[in-house]
Structures are given as C-alpha cells and as structure tokens.
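This report describes a protein chain from its secondary structure down to individual side chains. Please examine the sequence and the structure shown here before reading on.

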Amino acid sequence: MIRHILLVSLLIHCTLAQPKGGKPISPPLPKRTWLTLHGDEPVVVANGGYSGLLPAQTDTAFSQANALGKRGTVLLCDLHMSRDGLGFCLSQLNIQNTTNAADAFPNRRKTYIVNGKEIQGWFALDFIADELYSKLQVTQSIFSRTDLFDFSPPTPTDLFLEDNMKSLVWINAEYATFYSQHKLSLLDHIKQLLEIKKDISYISSPEIGFLKSMGAVVRGLRTKLMFKFPADTNAVEPTTNETYASLLTKLSMIKTFAAGIVVPREYIWPVSKARYLEPSTNLVADAHKLGLEVFSYGFANDNYLPYNYTYDPQREYLQFVDNSLFAVDGVITDFTMSASMAIACLAGTRNASRKVPTLIISSNGANGDYPGATDLAYQKAVDDGVDIIDCSVQMTKDGVALCLPSIDLTPSTTAAGPFMSRAAKVDPIQSAMGIFSFDLTWEEIQSLKPQMSGGFNGELARDPARKNVGKFVTLSDFLEFAKAKAVPGVLINIENAAYLASNKGLDIVGTVTTALSNATLDKNSTQKVLIMSSESSVLDKFKAIPTYQRVLHIKEQVGFVTNETALEVKKYADAVLLHKHSIYSEFRQEGLTFNLTNLISCLHWANVSVYAANVLNEFQDIFMDFGSDPYLLIHNLINYGADGIVTQYPSTASAYSRNLCTGNPDAYKIQDLNPGDVIAVMLDPKEVAEYKPPPLVHFETKNFVTPPLPPVADIAKDDGGSTSNSTSNANTTDAPSPSPPPPPAQAASSATAPTINALHHEIDNDILATLRKTYADRISVHLP
C-alpha cells in the first residue's frame with residue numbers, strides 16, 4: 001500500500017482545494033494501423049524493468065515496469081550464469097558497476113578474454129548462486145541516477161519467470177560462446193526456463209550459432225528468436241567470423257533462423273559527431289520487406305539526445321514509431337512510462353485538438369529552441385501553440401523598452417565582449433556584477449547578437465547552431481506581433497521599476513502603459529493581458545484596468561503560506577507565478593519529491609490562480625519521480641492544481657495537451673504521482689519517518705508588499721543617450737521616443753560570443769578577476 005507522508009503543519013491554515021471539475025471524458029479511440037511489420041502497435045520492452053529509476057534486473061524494477069507500462073509491456077532479463085550453473089538477471093557480463101561485488105569480494109577480480117578482447121573485473125561465473133543472491137546487491141549503473149534504492153539482490157531467472165507468469169518476458173542471452181568455454185550452457189538453462197514458462201515471448205542473442213540451436217528448442221512455441229546487433233559494427237560475430245557490418249547486408253540469411261533483429265537506435269537514425277540527426281537508413285524498410293521485425297534499443301530519457309529533439313524524450317520515441325515512412329516494431333527502454341505514453345498517447349496527435357485545457361505560457365518565447373525573447377523564439381512559441389507569449393521588459397539608456405530575459409545582458413547577449421567596460425555591481429538589482437540594459441543605448445544593443453541562455457552547460461548545452469540567431473524585439477514590436485498573430489494573450493513582466501525611476505530616470509511603468517494603450521490592448525476584449533511583477537507597487541499601478549490580470553511573481557523557492565498572506569496576495573494579484581519546486585518539497589537532496597506543499601491549495605482558497613514555472617525539457621531539471629520526463633512533470637503539476645504551465649519549451653506542453661489518453665478510460669493511464677509516493681513505496685517506512693526535513697520557507701507579506709513607486713528623477717543623459725526632462729511620477733503615461741526597428745534576423749551560426757579574455761583595456765585587474773569568476777561559473781535558468 002502506498003504510504004503518503006504528510007506534514008501536518010501544511011494543513012493548519014488551509015482546507016485542501018477540491019478539483020475544479022472532473023476530467024473530460026473522450027470517446028473510445030478507433031483502432032489504428034501502424035507502419036510496423038504487421039500493422040500492430042509498437043511494443044514497449046522494459047530493459048531490466050524500470051531501470052531508469054531503480055537498479056536494473058531487480059524484482060522491484062520488474063514489478064514497477066509492469067505496473068507503470070502500457071498493456072503488453074515486455075520485461076527483458078539479461079541472462080548470466082553463476083559458477084554452479086544457475087541463471088541470474090544481470091545487466092552486464094562484468095558486474096563491477098552493476099553490483100557491490102568489488103566491495104563485497106575485493107579479491108575476486110579476474111581477467112577474461114571475451115570475444116577476442118581482454119576484460120578485467122568481477123564476473124557472475126566466479127560466484128556460486130548463494131553468494132550472488134545473499135551477499136551481493138544490485139546497484140544503479142548510471143551514475144547520474146539515484147543510488148537510494150541500491151539494496152536488492154540479483155534476481156534468479158527462475159524467480160523472474162515465476163513472479164511474471166502473466167507477463168510477457170524476454171530473455172537476452174549474450175556471451176553463449178564465452179560461457180560454453182567455461183562449461184556453462186545458456187542453451188540448457190533456457191530449456192529449463194521453458195519448463196517453467198513455455199510462452200517466453202522473445203529470446204535474443206548476437207550469436208548465430210546459439211540462435212540456430214535454439215530453433216529446434218522453441219519449434220512449435222510462440223517464442224520469437226531475435227538476432228541482436230551490437231553498437232560496434234566492426235565487432236566479429238563468433239559463429240561466422242564476419243563483422244556485424246557485413247551481416248547487416250545479409251538480412252535474408254538472418255531470416256532463415258530469426259523472426260527479427262534488434263539494433264541500436266543509430267542503425268536507424270544515424271547521429272553526426274556534432275549531435276544532429278542524419279537521414280534515416282533503409283534498414284527498417286528492408287527488414288520489413290523480408291518479414292523481419294525490427295526492435296531498437298538504447299532509449300533513455302537521461303541520454304544526451306541529438307539537438308533535433310530539444311531534449312524532449314518523447315520526440316525521440318515518436319521519431320521511430322510515428323514518422324510517415326516506417327515504424328519499428330518495438331522500443332527497448334529504461335523508462336517504461338515515457339515509451340508507453342509516446343506510443344499510446346502522443347503518436348498521431350500532431351493535428352489533434354487539445355484534450356487538456358491548461359494555460360501554456362512561454363518563458364522568453366520558445367527559449368529552449370532559440371535565444372530568448374527574440375523574433376525567432378516568439379514565432380516558434382506561436383507555431384507551437386502557446387496561449388500566452390511573454391515579454392520581460394527592459395529599458396535602454398535612451399528610453400527604449402525591449403524584451404530581454406534579464407536586465408543583465410551578459411547571459412542572453414554577446415555584451416561581455418565589446419561592453420565589458422560598462423560592467424558594474426548594482427546591489428539593488430543583483431549581487432553579481434553585470435552589464436545592464438540601462439547603461440547601453442538601443443543602437444548599442446542592436447550591435448550585439450542574442451545568445452542562447454537559460455539552460456545548462458556541457459553535454460546539456462542547447463543547440464549550438466542556434467546560439468546567436470534571431471533579432472532583438474522592442475516592446476511595441478512585440479505587441480504588434482501578438483496582435484498580428486492573434487495570440488490569445490501576452491504577459492508583460494516588469495521588475496526594478498523603483499530603481500529605474502529614481503536612479504536612471506526611466507519610467508518603465510509609464511512606458512508599458514503607453515505601449516499597451518497604443519496597441520489598444522487596454523480596450524481589447526479578445527486578447528488577455530497579464531501584468532507580472534514581484535512588487536506590489538507595480539501591480540497596484542494597473543488595478544484600474546479590469547481587463548488586465550495581475551500576476552505576482554514569487555521568485556523565491558518557498559514552501560508554506562498562511563490564509564492571511566494568501567488573502568493579502570489577492571489584494572494585489574489575480575494569479576501568482578510560482579517555481580515548480582515550491583509546489584513539492586525534496587527528500588534529502590536526492591532529486592525525489594517528499595511532500596506536497598500548501599501553496600496551491602491555500603492560494604486557490606483565496607481565489608488566486610497558480611502558474612507553475614519553469615518547466616524545462618532537460619532531464620537534470622526534473623525530479624526522478626517523474627521519470628526525467630517533462631510530460632510526466634506537466635501532467636502532475638496540472639494534477640496538483642496548477643492553472644498554467646510556464647515553459648521554455650511550449651512545444652512540449654502543447655504536445656501533452658493534445659494527448660489521446662486524458663479523459664479516455666480505455667486508454668493507457670498517464671500516472672498520477674503524488675509527492676512522496678516513490679520513496680514511500682521503495683524505502684523502509686522507518687527511514688522515511690526518521691527524515692527530518694528542513695523548516696519550510698514561509699511566503700510572507702514582506703516578500704512582496706513594497707512602498708509606492710518614487711517619482712521619475714530628472715537625470716541628464718551623457719552623449720550616449722537622450723536627455724530626459726521628466727519630472728512625473730512613475731505612473732506617467734508619456735510615450736517614449738519612437739523605437740527604431742530591430743535589425744534583420746541573423747542567419748543560423750555556430751559563432752560564439754567573444755571570450756572573457758577579449759576585454760576592454762579600461763577595466764582594472766581587480767574588476768577583471770571578479771568578472772572572470774562571476775561569468776565563468778554562471779549557469780542560470782531565468783523565469784519570465
């Protein structure tokens with residue numbers, strides 16, 4: 001039974017909000033004909049069970065794959081042998097990285113020649129079955145995944161079958177020749193397994209001799225024999241002494257002993273060294289012509305995917321099963337839920353209508369695809385079906401309002417090269433040094449290039465070919481674009497208004513007010529206008545226009561709000577934009593959820609909508625409860641009560657909203673994952689109960705109630721900008737000088753910003769050292 005851990009303090013002030021109506025019920029889906037060999041739905045094969053979260057090949061991994069996968073999910077066991085001839089499900093021949101063998105038996109390290117190559121490590125055949133089962137623990141072999149569940153013993157193959165008598169199973173029997181050299185027979189062991197379960201669905205091997213021998217064993221059974229190709233096409237198959245590259249050209253020969261082939265993903269969709277997809281091969285079509293099924297392996301949500309997929313794991317599955325040319329007959333994956341959702345819920349939905357009526361709000365446009373707040377990012381967001389496009393308004397020295405992810409230009413432009421001499425430390429804005437928009441004129445900003453930001457470095461950096469493409473967009477051009485494209489709404493983000501008014505003589509509130517009026521959006525009833533700020537004094541300036549929705553931006557990660565504070569929020573805002581990690585707490589810094597906070601329920605109680613931000617595709621930003629899958633995260637944020645999803649990848653949220661499973665009782669059920677469910681199921685209840693979480697950060701009135709905005713100071717500009725004679729208050733609506741149009745769009749380029757070493761000669765060494773430290777290590781994810 002799932003134990004759900006609750007923090008009683010969360011319920012003191014609030015009554016949990018009831019769901020706002022039931023989910024719509026859809027009619028049953030018609031049976032679809034797929035481009036697989038037999039026209040059937042592609043099969044999901046759980047590689048060692050649900051190994052994306054749990055140690056592979058364990059009973060818990062297999063049981064969770066069964067529970068979370070779509071109907072017909074196949075459980076794959078990699079067969080290996082103990083010294084006394086018993087079979088175990090183990091991911092690799094060398095068990096050094098998949099068990100604790102090196103710690104438990106440090107003296108058992110051996111060296112073997114395997115298929116002509118020398119391998120050092122720990123091997124199952126050096127242990128008797130009792131040692132494997134009673135003294136070893138299976139460990140998570142992918143180091144980016146949690147080791148919290150590394151406590152299960154290896155699974156004997158007979159127990160694997162007995163526990164899964166009603167499930168479809170797959171035995172992958174590699175290294176038959178190696179085991180035979182050590183007087184252990186995989187063939188004889190599988191004969192014994194067939195006595196336990198005669199309907200083993202698939203048996204695979206990369207060795208032709210073994211499969212030919214198996215042919216007589218499974219004759220008359222439903223078992224399909226599958227010839228497996230390794231990742232290295234230059235490896236030599238031990239029976240024929242031919243390379244696998246050569247055998248790939250002999251599919252008709254393979255058809256004489258196998259029902260299908262199992263190949264790495266790259267055999268079908270090659271990937272260049274620069275991590276871009278190349279045109280597909282003809283392998284699937286050629287195999288299908290001969291009557292061979294094709295299964296592909298290597299799928300995992302935490303792979304470093306080709307840039308074409310923008311880190312969306314579902315797009316990769318769909319590339320293999322939902323293109324217009326072919327569909328593989330099955331996918332072998334570490335993440336059963338994701339593959340099941342792709343095939344059962346997302347395939348065939350490109351032109352479908354929405355099934356989930358959530359609000360999709362962009363974060364600097366489609367900032368995951370293009371540099372944020374550029375013309376290309378906004379166009380992509382609209383093309384992807386976004387409801388609300390956003391503009392974080394920044395002001396130039398000469399009073400031009402434009403859209404930029406941050407008032408600091410260094411993350412999102414190439415300003416760090418030519419304008420490093422303008423770098424300054426402005427404590428009211430940020431603790432780090434920066435190059436700020438208010439210190440450059442619009443003409444100077446136009447001389448820069450946009451720069452992709454908001455993601456991660458290293459292998460998770462975003463598409464380098466798009467790093468500096470697009471053009472900057474003024475606020476007026478942004479609003480005209482929104483009107484021309486008939487976007488349902490716009491979100492205008494205003495920050496630093498008091499500082500800009502009193503220290504720079506810039507009236508950001510007045511400028512926004514005028515721009516909206518000039519675009520007639522203050523009178524437009526067909527397009528929503530959302531005004532967002534973290535400061536009550538800014539939101540207060542827009543309360544006189546009832547058609548505007550005011551959104552309070554809660555920048556801090558918080559975990560509790562009282563009734564009184566929620567009601568105070570309602571005085572200033574109709575909605576809040578809340579960091580997703582404020583919606584649930586974390587268990588021991590393990591990347592797993594612990595509990596649901598009271599933020600959504602309490603704010604809903606006060607009639608305040610909640611927008612969850614910032615949803616990214618990159619797996620490192622997603623707690624592992626959600627399978628490193630943005631779709632499962634979005635699904636559950638909505639399930640927790642979020643009224644809108646704020647994302648740098650609108651295409652992902654839009655694709656989820658069109659899924660065929662929501663509201664269809666006959667379809668695969670996308671999992672509702674309550675915070676804390678995973679640890680409650682998998683860990684010792686005592687371990688969970690003993691965990692003492694840090695005190696929850698309370699969201700209080702002092703966090704957002706700010707003094708009235710000061711008057712706009714009369715500050716003379718230097719020669720780099722215009723002269724301001726403004727003496728009005730910050731709510732002045734005098735229009736700024738007309739903004740010149742942005743420059744033409746940049747062509748796609750892999751050019752990077754000038755390095756930190758290309759600095760202006762006027763900077764002294766102390767400032768230079770500080771800047772190097774500040775920008776070399778910066779990895780930031782900006783909310784709109």
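## Residues with positive phi

At 13% relative accessibility, Arg275 counts as buried, where buried means under 20% relative accessible area, exposed over 50% and partly exposed in between, with a 1.4 Å probe and protein chains only. Arg275 belongs to the loop between β10 (260-264) and α10 (283-289); helices (H or I, at least four residues) and strands (E, at least two) are DSSP runs numbered from the N terminus. The phi of Arg275 is near 70 degrees, a positive value in a residue other than glycine.

Lys183 is likewise not a glycine and has a positive phi, of about 60 degrees. Lys183 is found in the loop between α5 (176-181) and α6. With 78% relative accessibility, Lys183 counts as exposed.

## Basis and overall composition

The model is predicted: local features need pLDDT of at least 70 and side-chain atom pairs count only at pLDDT 80 or more, while totals for chains, interfaces and linings use all residues. Residues are numbered from 1 along each chain as its sequence is written, and side-chain values use heavy atoms, with hydrogens and water left out.

The chain contains 25 helices and 24 strands. Of its 784 residues, 58% are buried. Its accessible surface comes to about 31500 Å², with 51% belonging to carbon and sulfur atoms; these areas come from the Shrake-Rupley method with a 1.4 Å probe, and for residues only the protein chains shown count as cover. Among contacts (heavy atoms within 4.5 Å) between residues at least 6 apart in sequence, 74% join residues at least 24 apart.

## Aromatic pairs and charges over rings

A search of the whole structure finds 31 aromatic pairs. The rings of Tyr202 and Phe295 have centres 5.3 Å apart and planes at 65 degrees, so this pair is edge-to-face. Rings of Phe, Tyr and Trp (its six-membered ring) pair if their centres lie within 6.5 Å; planes under 30 degrees apart count as stacked, over 60 as edge-to-face and the rest as tilted. Because Tyr202 lies in strand β8 (residues 202-205) and Phe295 in strand β11 (residues 293-299), the pair ties together parts that are 93 residues apart in sequence. Tyr202 is buried at 8% relative accessibility, and Phe295 is buried with a relative accessible area of 0%.

The rings of Phe227 and Phe229 also form an edge-to-face pair, since their centres are 4.9 Å apart and their planes are at 70 degrees. Both Phe227 and Phe229 are buried. One aromatic cluster is formed by Phe227, Phe229, Tyr244, Phe257 and Tyr267. As for charges, the charged end of Arg32 sits over the ring of Trp34, 4.0 Å from its centre, and Lys228 lies over the face of Tyr297, at 4.7 Å from the ring centre. A charge sits over a ring if NZ of Lys or CZ of Arg is within 6 Å of the ring centre and within 35 degrees of the ring normal.

Strand β17 (residues 489-493) is largely enclosed by the rest of the structure, because 5 of its 5 residues are buried. Gly489, Leu491 and Asn493 point one way from β17, and Val490 and Ile492 point the other way. Strand β14 (residues 388-395) pairs with β17 in the parallel sense over 5 bridges, where pairing requires that DSSP finds at least two bridges between the strands. In this pairing, Asn493 is the bridge partner of Ser392. β17 is also joined by 5 bridges to strand β18 (residues 528-533), and the two run parallel; Lys528 in β18 is the bridge partner of Gly489.

In helix α13 (residues 375-383), Ala377, Tyr378, Lys380 and Ala381 are buried. They cover an arc of only 160 degrees around the axis, which puts them on the same side of α13; the arc is that of the directions from the helix axis to the C-beta atoms. The elements against which the buried residues of α13 pack include β14, α15 (475-484) and α22 (650-657). After α13 comes Gly385, with a positive phi near 90 degrees.

## Buried helix residues and a cis peptide

Ser338, in helix α12 (residues 336-346), is buried with a relative accessible area of 1%. Ser338 and Tyr631 are 293 residues apart in sequence, yet 8.2 Å apart in space, C-alpha to C-alpha. Not counting residues up to four places away in sequence, Ser338 touches Asn301, Gln314, Tyr317, Gly627, Asp629 and Leu632.

His189, in helix α6 (residues 186-196), is buried with a relative accessible area of 7%. A cis peptide bond, with omega about -10 degrees, joins Ala613 and Asn614; Asn614 lies in strand β23 (residues 609-615).
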